[in-house]
Amino acid sequence: MSLINHEGGMSQIVTSGSSGKAFDIPKMLVWEAYLKVKANKGAAGVDRQSLADFARDEKKNLYKIWNRMSSGSYFPPPVRAVEIPKADGGVRVLGVPTVADRIAQTVVAMTLEPLVEPVFHQDSYGYRPGRSALDAVEVCRKRCWQSQWVIDLDIQGFFDNVPHDPILDAVRKHTDLPWILLYVRRWLTAPIQQADGTLVARDRGTPQGSAISPLLSNLFMHYALDAWLAREQPLVRFERYCDDVIVHCVSEKQAKYVRNVIAARLWRFGLRTHPGKTKIVHCVQEGRTATSHGMEFTFLGYTFRPRYARLRDGRWKSGFLPAVSKAAKKAMAREIRGWRLGRRTTLSFREVAAMINRIVAGWINYYGRFYKSELISFLGNRINPHLVRWAMRKFKHLHRWPKKARRRIAQIASQYPGMFVHWRHGALPAGSTTGAV
């Protein structure tokens, strides 16, 4: 199925330039793409060449990319498949391109993004300049106050099943530069190399992990869902972060109808809404009567559900509010265990703090934006006991005395409440005498 018509291409065809190549691709663009790839870091691809390896012959490697892309002879190597565990026990397969291929993809992304970014919907937040996941959560929070019903939309296997032809149609709409279309087509069909070396051909899907995939996914979803929904259901509001979508409705009847028409729309592109994960949720808060529908959903690491919040005048009120999700807590707890603090007895207390503070600060910056007390309580209950175990192994006189170790950690927290990031935010050990935030 075609997403769009092909009228009104935005760019002029450039088939040759001062370089004498088939395509006029500035060398400086390749250099800027390389700087972005370096800043983003990342693992090696199927050739096992790291960024450090690439940099050893930087000039030659960059020239090779530019020369092949400009002549039309650049063919992407297979993408290395990497399995990442999911919170629900499954795995997410990421596709890791080679360093050179990430640079080539970034060249195309940097050229295409300025052409498509102005047309994207204001409620699309994923992988866009000046927008973030927290922006989407904030808007979702406000709209849950305004509308009682939500569709928590889950597209089953989106990155594995998104069709190629509509993506290419959308690219054609926004540029006539032949090299962009040429290389997008090649990347879409580049095979995936499994851990055992087996190559898997692809006729649909765009692997997560590539530099061009987020832009192509946004382009597809803009025409398949965002623009279509704005046109067909102009009063319905939504937030979308890549393939994570929350739709707000004013009634249960409207929610059921919109859920069904979205499912039908996506089905036309060979995509399905997940029957178990797509659900209608009633945003119950003070003044709203609960129904038999579910009353919570999770969006971008935050679980929305009825919670009590203190008003400025000191009263408590029930609202439909986001807080760090159980899955996010589970992932953080797994990482905290992985630090193995009890075995880091060669480190000083300050060195332990230096080791974990940057990570914990990142968690607080993201998961502490809304209903921060939930996160801080969790961090204190998880990290502080590990610090006690560290003290018991570090100091001989505390080996068999957990109560003494807890008191010692509490004394240190009283004297140096800013040593650990979570202490600064109020997650102090029990018995600390300094005031909590």
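This is a predicted model: local features need pLDDT of at least 70, side-chain atom pairs count only at pLDDT 80 or more; totals for chains, interfaces and linings use all residues.

Visitor: Thanks! What is the strand order in the open sheet of three strands?
Guide: The order is β9-β10-β11, and the pairing is antiparallel. Strands here are DSSP runs of E with at least two residues, helices are runs of H or I with at least four, and both are numbered from the N terminus. Two strands pair if DSSP finds at least two bridges between them.

Visitor: Which ones are the edge strands?
Guide: β9 (297-299) and β11 (316-324), as each pairs on one side only.

Visitor: And how many bridges join β9 and β10?
Guide: Three, in the antiparallel sense, with β10 covering residues 302-310. Thr 298 stands opposite Thr 303 in β10.

Visitor: Switching to rings: how many aromatic pairs are in the whole structure?
Guide: A search finds 21. Rings of Phe, Tyr and Trp (its six-membered ring) pair if their centres lie within 6.5 Å; planes under 30 degrees apart are stacked, over 60 edge-to-face, and the rest tilted. One of the pairs is Tyr 63 with Trp 66, tilted, at 5.6 Å centre to centre and 45 degrees between the planes.

Visitor: How far apart are Tyr 63 and Trp 66 in helix α3?
Guide: They are three residues apart in α3 (residues 58-71), so about one helical turn separates them.

Visitor: Is Trp 66 buried or exposed?
Guide: Trp 66 is buried, with a relative accessible area of 8%, while Tyr 63 is partly exposed at 45%. Buried means under 20%, exposed over 50%, and partly exposed in between, using a 1.4 Å probe and protein chains only. Tyr 302 and Tyr 367 form a tilted pair too, 6.1 Å centre to centre with 45 degrees between the planes. That pair links distant parts of the chain, 65 residues apart: Tyr 302 in β10 and Tyr 367 in helix α12 (residues 349-367). Both tyrosines are buried.

Visitor: Which residues form an aromatic cluster?
Guide: Phe 349, Trp 390, Phe 395, Phe 420 and Trp 423 form one.

Visitor: Last one: which charge lies over Trp 66?
Guide: Lys 27 lies over its face, 4.6 Å from the ring centre. The rule is NZ of Lys or CZ of Arg within 6 Å of the ring centre and within 35 degrees of the ring normal. Likewise, the charged end of Arg 131 sits over the ring of Tyr 125, 5.4 Å from its centre.

Terms used: Residues are numbered from 1 along each chain as its sequence is written. Side-chain values use heavy atoms; hydrogens and water are left out.
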